[in-house]
Amino acid sequence: MVTQEEAAKICDQVNLIVEAIKPLLAGHPAEVQSVVLADLVATFIAGWSPNLRKKMLDALIANVGDLIPVNEMILFGPEGHPDREMTRQ
């Protein structure tokens, strides 16, 4: 179990790394960004034992899903993505 203090340190590390990577992806087309991220994920998953890879990939995808609403608000504000308005009608 991770303590609150440990969780805060992890979040700080994550934020530093994310902020370091963002400029490397910025300005590249989505097709390039997606393959870069896929390659990094594949490298991460390949480091796990083959019998744990599906479990780790599922956990990673769950984390991504959890982070989408937060990142949507960061990018677009509390109302979310502009296309969201079309789904509310």
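What is the volume of the largest pocket? I looked this up before anything else, keeping in mind that the model is predicted, and I noted a volume of about 1500 Å³ for the largest pocket. Of the 25 residues that line the largest pocket, I wrote down V18, L37, V64, L67 and N71 as the closest to its centre.

Next I asked which helices supply the lining, and I found that α1 (4-25), α2 (30-46) and α3 (53-76) each supply at least two residues. The most comes from α3, which gives 10 residues to the lining of the largest pocket.

I turned to α1, which has 22 residues and reaches 31 Å from its first C-alpha to its last, a span close to the 32 Å expected at 1.5 Å a residue. After α1 comes G27, and I noted that its phi is positive, near 90°.

Last, I looked up how α2 and α3 pack, and I recorded an angle of about 140°, with their axes 9 Å apart. Angles over 145 degrees count as roughly antiparallel and those of 65 to 115 as roughly perpendicular, and α2 and α3 are therefore oblique to each other.

Note on methods. Residues are numbered from 1 along each chain as its sequence is written. This is a predicted model: local features need pLDDT of at least 70, side-chain atom pairs count only at pLDDT 80 or more; totals for chains, interfaces and linings use all residues. Side-chain values use heavy atoms; hydrogens and water are left out. On a 1 Å grid over the protein atoms alone, a cavity is a set of points where a 1.4 Å probe fits but cannot get out, and a pocket is an open set with protein on both sides within 12 Å along at least five of seven lines; lining residues have an atom within 4 Å of a point. Grid points are joined across faces, edges and corners, and a volume is the space filled by probe spheres set on the points. Helices (H or I, at least four residues) and strands (E, at least two) are DSSP runs, numbered from the N terminus. The expected span of a helix is 1.5 Å times one less than its number of residues. Axes are lines fitted to C-alpha atoms, for helices over the stretch in contact, and angles run from 0 to 180 degrees between N-to-C directions. Angles under 35 degrees count as roughly parallel, over 145 as roughly antiparallel, 65 to 115 as roughly perpendicular and the rest as oblique.
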